Amino acid sequence: MASPFKISALLLTFCVSISLTLPVRSQTCASQTFTNNNLYTHCLDLPTLSSYLHFTYDAANSTLSVAFFASPSKSNGWISWAINPKVAAMGGAQALVAFKDSKGVMSAKTYKISTSTPYSVVQSKLAFDVWDTRAEEESGVMRIFAKIKVPPELAAKGTLNQVWQVGSTVDVAKGELTIHDMGAPNLNSKGTLDLNGGKSVSSGGLDSRTKRKNIHGVLNAVSWGILFPLGIVIARYLRTFPSADPAWFYLHVFCQVSAYAIGVAGWATGIKLGSESKGVQFSLHRNIGIALFALATVQIFALFLRPKKDHKYRFYWNIYHHGVGYAILILGILNVFKGLDILQPGDKWRSIYIIAIAVLGGIAALLELITWIVVLRRKSSKSTKPYEGYGGQSRP
């Protein structure tokens, strides 16, 4: 049987590192065809949301012909490709949008997006001329076509700020688009389009807000999702071995205090992100986060009030300590998955976390079995040990 020190070393060095390849596109823009046999000079595989852009630019009259392809998550969703005259961002964009109307027929509309948050998206004429707009759908892929008169200042530069997006549903009666997902692919669907060379230049990687979201997710996944459960496993199972005392206690405290410190940093970044997201609320995720912070704070400070082992209140303190600890464990893991649903970093990261929790759970199950074997052997040994009276002689 492995020694408690080897088990503690295994737990302390517990780390899951898996290399999963990113999904590969099943097609490229070069393989796509058009029902009306339209031909475009350039085509681009846009870097996010499995989207594609075909376009032809006539510099003589500053006319841009575009065909944008994308797949919304639901059949009654929407797709959009937009030009932002100022910056590569959503605010201030002039958008072409395609979705199905109340009769299930594809429709192409134009929308303006406000420059300030919370963003308003209003069906309206754009700041430049647009004509020959139409939309179609085939095998779940929506397509929007249009011709655009490029404003003189943008034509002179030879580049455009482009933004593209997909959403899940549309309120057809009101012509309102439901808010799109807030995952990294959605937040990074922007860039610069070279009208002459057909090159799409990334907008510079993740913006500062997306980076803060990722930091928030990593901090909380490591603290509440990994370190805190690890500390509970150490406390529950290593204390069974007398030779591990008091090492198990210090390892337990180290994990929990580290989880609290990292978790507070993650909680603070979450509060900051929430204050910057006017009109966008994830109430359940936020409320669980606040509950975690409150329970963990009480748990940490309760260590200073821990009665001695022989104190009459130690039994009740143990009940409180274990109860709050398991509540934090459940809420922490639940909120990590809620955060993954919101951030949508990709299936790869969800799989990594699931595997990490599964491995930790497997270790806990193995130690549970070992613990019961040890406890039962001790009970068996005590029940068969002869009674020794005074003088060290066995009682007849």
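## Legends to the close-up views

**View 1. Arginine 143 is buried, with a relative accessible area of 9%, and its side chain forms a salt bridge with glutamate 138.** Here buried means under 20% relative accessible area, exposed means over 50%, and partly exposed lies in between, as computed with a 1.4 Å probe and protein chains only. The model is a predicted one, in which local features need pLDDT of at least 70 and side-chain atom pairs count only at pLDDT 80 or more, whereas totals for chains, interfaces and linings use all residues. Residues are numbered from 1 along each chain as its sequence is written, and side-chain values use heavy atoms, with hydrogens and water left out. Glutamate 138, at 42% relative accessibility, counts as partly exposed.

**View 2. Glutamate 136 and arginine 134 form a salt bridge, one of 6 in the structure.** The closest N and O atoms of this pair lie 3.3 Å apart. Glutamate 136 counts as buried because its relative accessibility is 15%, while arginine 134, at 30%, counts as partly exposed.

**View 3. Aspartate 341 and arginine 350 meet through their side chains in a salt bridge.** The N to O distance in this pair is 2.4 Å. Aspartate 341 is partly exposed at 42% relative accessibility, and arginine 350 is likewise partly exposed, with a relative accessible area of 26%.

**View 4. Aspartate 132 has a positive phi, near 55°, in a residue other than glycine.** Aspartate 132 belongs to strand S8, residues 130-138; helices (H or I, at least four residues) and strands (E, at least two) are DSSP runs numbered from the N terminus. With a relative accessibility of 48%, aspartate 132 counts as partly exposed.

**View 5. Serine 62 also has a positive phi, of about 55°, although it is not a glycine.** Serine 62 sits in the loop between S2 and strand S3 (63-70), and, with a relative accessibility of 17%, serine 62 counts as buried.

**View 6. Helices H6 and H7 have axes that come within 9 Å and cross at roughly 150°.** The crossing angle makes H6 roughly antiparallel to H7, since angles under 35 degrees count as roughly parallel, over 145 as roughly antiparallel, 65 to 115 as roughly perpendicular, and the rest as oblique. The axes are lines fitted to C-alpha atoms, for helices over the stretch in contact, with angles from 0 to 180 degrees between N-to-C directions. Tyrosine 313 is placed in the loop between helix H6 (283-302) and helix H7 (314-343), and at 49% relative accessibility tyrosine 313 counts as partly exposed.

**View 7. Tyr313, Phe315, Tyr316 and Ile319 make a nonpolar surface patch of about 490 Å².** Patch residues have over 30% relative accessible area and no salt bridge, like charges being joined within 9 Å and nonpolar side chains (Val, Leu, Ile, Met, Phe, Trp, Tyr) within 5 Å. Accessible areas come from the Shrake-Rupley method with a 1.4 Å probe, and for residues only the protein chains shown count as cover.

**View 8. The peptide bond from aspartate 245 to proline 246 is cis, with omega near 5°.** Proline 246 is found in the loop between helix H4 (208-237) and helix H5 (247-276).

**View 9. Isoleucine 363 and valine 233 are 130 residues apart in sequence, with their C-alpha atoms 8.6 Å apart in space.** Isoleucine 363 is placed in helix H8, residues 347-384, and is buried, with a relative accessible area of 16%.

**View 10. Leucine 49 and proline 72 are 23 residues apart along the chain, and 8.9 Å separates their C-alpha atoms.** Leucine 49 has its place in the loop between strand S1 (42-45) and strand S2 (52-58), where leucine 49 is buried at a relative accessible area of 18%.

Note on methods
Salt bridge = Lys/Arg side-chain N within 4 Å of Asp/Glu carboxyl O.
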